[in-house]
Amino acid sequence: MACKIIVFVKQVPDTKNVTGQAMKEDGTVNRAALPAIFNPEDLNALELALQLKERYNGYVVVATMGLPSAAGVLRSALSRGADEAILLTDRALGGADTLATSFALSRCAKKIGNFDLILCGRQAIDGDTAQVGPQIAEKLALPQISYVEEVLELGDGKIRAKRAIEGGYEILESPTPALLTVIDSNDPRPQHARLLMKFKRAKTPSEIKAEGGDDAAIEAAKAKGLLIGEWAAADFIPADEMDRVGKKGSPTNVKQIQSVILTAKDYKKVEPTADGVAGLIHELIADHTLG
């Protein structure tokens with residue numbers, strides 16, 4: 001069977017390198033202050049999609065919402081084996097919380113259409129909410145399976161998947177189309193050398209125009225399979241729903257940002273011996289840290 005899979009991915013700030021300039025005064029992330037990376041669990045979702053593509057003669061569409069620079073994660077996805085890439089970029093989409101983001105992505109999925117699965121990483125490292133995937137499913141009235149480790153079977157209008165639960169796993173069956181959120185249970189493949197050499201030249205129309213190209217250059221890139229799709233908000237969101245995206249559609253407001261600096265006031269050296277560890281344990285019990 002052939003299946004069509006949408007994978008929503010995100011370019012995120014590298015939270016391993018957080019600085020004091022990581023947040024703006026309005027409570028939004030200052031993405032220019034941190035290096036950008038492919039959200040780790042979105043790579044797991046992409047890997048699962050590519051495995052299903054190989055097993056079931058699938059077609060993988062990868063989409064991301066973000067700044068024009070987010071085209072970088074789409075080139076990375078194409079270099080791993082995705083068939084199509086779409087960048088959703090527009091000032092009207094900026095400042096979105098999870099509610100507005102999931103609404104925009106649900107409308108993207110509707111425009112793509114005729115899909116069997118939507119895959120998302122469980123959560124993004126810049127927010128850690130794990131809300132966007134389930135919210136997309138709710139807005140599209142799709143069944144969902146979260147914390148997916150493995151897809152066991154796909155076909156005949158249904159999917160069987162193994163999902164992680166506390167202390168073990170369970171196997172669920174769902175009709176398709178369905179949405180899955182994927183955890184870090186696989187090893188994402190690296191970018192394929194041949195595809196990397198090809199798709200490092202893939203660009204969005206805006207990138208081509210920024211380099212001085214015209215409509216003919218855009219058509220030439222399309223003919224070579226090197227054009228990354230680029231949608232403004234009006235391309236996939238109805239006019240009467242524009243107030244549901246971006247900052248306007250985001251009820252979440254950050255009231256205060258506080259930088260917490262941890263400093264050591266006192267410390268005690270514990271000798272790496274049985275007596276040293278035993279003494280520490282007795283001390284922790286005495287002050288009720290333990291027990």
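Predicted model: local features only at pLDDT ≥ 70, side-chain atom pairs only at ≥ 80, totals over all residues.
Helix H4 itself spans residues 132–140, and its buried residues are Gly133, Gln135, Ile136, Ala137, Lys139 and Leu140.

Just after H4 comes Ala141, whose phi angle is positive, at about 55°.

## Cysteines and disulfides

A disulfide is a covalent bond that joins the sulfur atoms of two cysteines. How many disulfides does the model contain? The count comes to 0.

For Cys3, the closest cysteine sulfur belongs to Cys120 and lies 16 Å away. A disulfide requires the two sulfur atoms to be within 2.5 Å, and the sulfur of Cys3 is therefore too far from that of Cys120 for a bond. Cys120 is likewise in no disulfide, and its nearest cysteine sulfur, that of Cys108, is 11 Å away.

Are these cysteines buried or exposed? Cys3 is buried, with a relative accessible area of 3%. Cys120 is also buried, with a relative accessible area of 6%.

## His288 after helix H9

Where is His288 found? His288 is in the segment that follows helix H9 (274–286). With a relative accessible area of 64%, His288 is exposed, because a residue counts as exposed when this value is over 50%.

His288 and Ala36 are separated by 252 residues in sequence. In space, the distance between His288 and Ala36 is 43 Å, C-alpha to C-alpha.

Terms used. Residues numbered from 1 in each chain as written. Heavy atoms only, no water. Buried < 20%, exposed > 50% of the residue type's maximum accessible area, 1.4 Å probe, protein only. Helix = DSSP H or I, 4+ residues; strand = E, 2+ residues; numbered from the N terminus.
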